[in-house]
Amino acid sequence: MLDQPPTSGAPVSPKGVPAPVSATLPPGVTPELEAGYVKLEESVRARRPGDDFPALRRAFEFACERHAAQKRVSGEPYMMHPLAVTQILADMQMDQVCLQTGLLHDALEDTPTTVDEIRKLFGEDVARCVNGVTKLSKINLHNREVRQAESVRKMLLAMVEDIRVIIVKMADRLHNLRTLDALPREKQERIATETIELYVPIAHRLGMGKLRGELEDLGFRYHDPEAWREVTDAIESKRLANEQVLENIRETVEAKLAEEHIPAKVHGRVKKPWSVFQKLRKQRISIDQVYDLLGLRIITDSVKNCYAALGVIHNEWHPIPGRIKDFIAIPRPNLYQSLHTSVMGPGGVAFEVQIRTEEMHRLAEEGIAAHWKYKEGKRGAADDDQRIAWLRQLVEWQREMRDPSDFMSSLKVDLYPEEVYCFTPKGRVVILPRDATPIDFAYSIHTDVGHTCIGAKVNGRMVPLKHNLRNGDIVEILTQNGGQPSRDWLTFVKTARARNKIRHVINATEREKAIELGQKLLEREARRFGVAMSRVTRQQMESVASEYGCSKLEDLQAALGWGKFSARQVLSKLAPGVIEPEAPVVAETAAPAPSVERDKGGASKDYVIQVKGIDDLLTYRAKCCNPIRGEPIVGYITRGKGVAVHSKNCPNVQNLLYEAERRIDVEWARGAGESFNVRLVVHTDDRAGMLNQLTQILFDEEVNIRSVEAHADERNFDSAVVEMTIEVREKKQLERIVSAMRRVSGVRDIERVH
């Protein structure tokens, strides 16, 4: 029986050390897998000799039996993946439940195994964790986006109950990235993008610096291979010189610290490719202008000596203004502590120094995983554990987000690192995301403070509500009774809390207006055709509402108010013998509509966008993002104008300016051959011949240039900016153009302007 100690497999000697592999192996266990398990058990015994190894063995054999017939895309036995994931967890010194979950983490998703079966064989904790890690792929949901959103929501809820769920998920994702070469390019890009947008921020918020670094760099490699290669080559071209500089600086620092009797270990490092790329893209600088490309880490024995070491560094080299950060006095939300400073070193070479104690270093590298090692027998994090407090709060905010797109957009915003430390007039610290505004500050204090906010003072001076807050700002919020949030606030707030609260108020108000308008439209149309609405029962109305996919009568009235359906359509179902339905109108062909595409001769072209399942709604591409063929798109119903079609990456969509009720599925029509105007801004080195190289790429692609302008960049003396509007046929052509431009020497960044 699998719930009893195994009678076959690797025998154990009296000393508890695995004996040589037996000639007879249990079902599904190959010699290769057995060797991998022996290595795993040796790792666990070295770190956690008191673990229940027969239970670990049972989990291994059970997983091998269930995955026996399965292969990975690379051709190796599928069970090699759970083994590798569990080895990562063993290296992190995770507990017995975590290790068993690692071995079984794909059993529910990829085999007929049930949760009850795992609960019976391995206990409640393992069953809960395996279920929490499992995606919702077996559930029949509408599409991959919905499935992903619901899987993430499920994972977050499971994390709150047991943080081991995300630790196993991180190990799973790390091994998948290490073996991503076997997958097709499209899947590589999707997995890498999801890693950077979702798992990297979670690892950061949990303080798992070492794991986050590897996720970032592996994700970057597959997310944007050309940018990764360019940055990696730039770093490698100077590696020998940089390592020599670092070695000289390290020796100097060690000598100076020894003179002051400060015990310390000093390590040098070159900044990783993803971090370098982020800085190059954000600041639009060359790699020579990255101040913290080179870095030293000083690990000493006490907080007192951390500050003493900082004094030694500043006494030897001049600090760069604005680059000193004290995360010991004010730790980051993930409990990261360290002193950071950047100094101008020998020969004018700038480098960064991080100073911390041994305990701070351990927590910075391992985060919640380090914390877990000392929590034997406990399921979740302590109530006062700040690393998990943010997660509980996040889950509470996300419970209100029913629409999958809204949920994922809001989640990605809220997961970004919090970096701005502000104060109330009474000295309370408020931690907010970078570029947060007084509105975000107000909602972080209290919902009512946010709703009634009419102004703000920063450091005693009145500022606009869209003002970006900085570290150390003292913020005072001015309120007025009866105040209401404005829809405009959604364009600049940064926190999910503020955004959700604002949308809740606005949506409730606008829904009431839409319901009222829907009622009036229906009554007016009924009077026009002589239909007595007083004779129509609520049951009849609700029956028609269900035909239109509305669960309540009020939902149908709101849809009428938004213009999703016409009053005549609804009335024709209430009085079928009296009123005929409206004749269908083909989308994007009516002359006066803004959706009409015309060629130079004035004739209307084939329509380019169509509403799925509905053929009588006009559509037009929204000017805020001007989507092009091949981009993921989403439609929003607007009163009197038809359906506005946005790119899913449009700032207005990302900022959740629209409510889910107004969303409608749209798709690109086939066979249309029109061009789309796209505006690009290229940030480059200021050198001769640059414009010629860029326009040559457009010539090779047979792309028409509508306008082009080049000028020096006022912010960077050695930089230039090229702004151009071009005509492209589809997203793939635009990607080829941007990719070719990035390969031009001296091109620092390219952005598409919406």
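# Questions on a predicted chain

Me: In which sense do strand β9 and β10 pair, and over how many bridges?
Reply: The model is predicted. Strand β9 covers residues 453-458. Its pairing with β10 is antiparallel, and the number of bridges is 3.

Me: Which residue in β10 does A456 stand opposite?
Reply: β9 spans residues 453-458 and pairs with β10, which spans 461-463. The residue of β10 opposite A456 is V463.

Me: In what order do the 3 strands of the open sheet lie?
Reply: β10 and β11 (475-479) are the edge strands, each pairing on one side only. The pairing in this sheet is antiparallel, and the order is β10-β9-β11.

Me: What is the average twist from one strand to the next in this sheet?
Reply: The sheet is open and has 3 strands, in the order β10-β9-β11. From one strand to the next, the twist averages 35 degrees.

Me: Which helix packs on the sheet, touching β9, β10 and β11?
Reply: The helix comprises residues 438-445. Its direction makes about 80 degrees with that of β11. The helix is α20.

Me: How many helices and strands does the protein chain have, and what share of its residues is buried?
Reply: The secondary structure comes to 28 helices and 21 strands. The chain has 754 residues, and the share counted as buried is 50%.

Me: What percentage of the contacts with a separation of 6 or more joins residues 24 or more positions apart?
Reply: The count is taken over contacts in the protein chain whose separation is 6 or more. Residues 24 or more positions apart account for a share of 66%.

Me: How much of the accessible surface belongs to carbon and sulfur atoms?
Reply: The accessible surface of the protein chain comes to about 36400 Å². The part belonging to carbon and sulfur atoms is 50%.

Me: Are C64 and C624 buried or partly exposed?
Reply: The cut-off for buried is under 20% relative accessible area. C64 has 0% relative accessibility, so C64 is buried. C624 has 27%, so C624 is partly exposed.

Me: Which helices do F62 and F122 link?
Reply: The structure holds 8 aromatic pairs. One of them joins F62 and F122 edge-to-face, at 5.6 Å centre to centre and 75 degrees between the planes. Both residues are buried. They lie 60 residues apart, and the helices are α2 (residues 53-66) for F62 and α6 (residues 115-122) for F122.

Me: Why is the pair of F220 and W274 edge-to-face?
Reply: Planes over 60 degrees apart count as edge-to-face. The ring centres of F220 and W274 are 5.2 Å apart, and the pair is edge-to-face because the planes stand at 65 degrees.

Me: Which residues form one aromatic cluster?
Reply: F220 is in helix α11 (residues 209-223) and W274 is in helix α14 (residues 273-283), 54 residues apart. F220 has 0% relative accessibility and so is buried; W274, at 8%, is buried too. The cluster consists of F220, W274 and F277.

Me: How many residues of strand β15 are buried?
Reply: Strand β15 runs over residues 642-647 and is mostly covered. Strand β13 (residues 619-621) pairs with β15 in the parallel sense over 3 bridges, and strand β14 (residues 633-638) pairs with β15 in the antiparallel sense over 6 bridges. The buried residues of β15 number 6 of 6.

Me: Which elements cover the buried residues of α24?
Reply: Helix α24 (residues 553-562) is largely enclosed by the rest of the structure, because 9 of its 10 residues are buried. Among the buried ones are L553, D555, L556 and W562. G563 follows α24 and has a positive phi, near 95 degrees. The cover includes α22 (496-529), α23 (538-547), α25 (567-574) and β14.

Terms used: Residues numbered from 1 in each chain as written. Predicted model: local features only at pLDDT ≥ 70, side-chain atom pairs only at ≥ 80, totals over all residues. Heavy atoms only, no water. Helix = DSSP H or I, 4+ residues; strand = E, 2+ residues; numbered from the N terminus. Buried < 20%, exposed > 50% of the residue type's maximum accessible area, 1.4 Å probe, protein only. Contact = heavy atoms within 4.5 Å. Areas by Shrake-Rupley, 256 points an atom, 1.4 Å probe, with all protein chains shown as cover. Pairing = 2+ DSSP bridges. Axes fitted to C-alpha atoms, helices over the stretch in contact; angles between N-to-C directions. Phe/Tyr/Trp six-rings, centres within 6.5 Å; stacked < 30°, edge-to-face > 60°.
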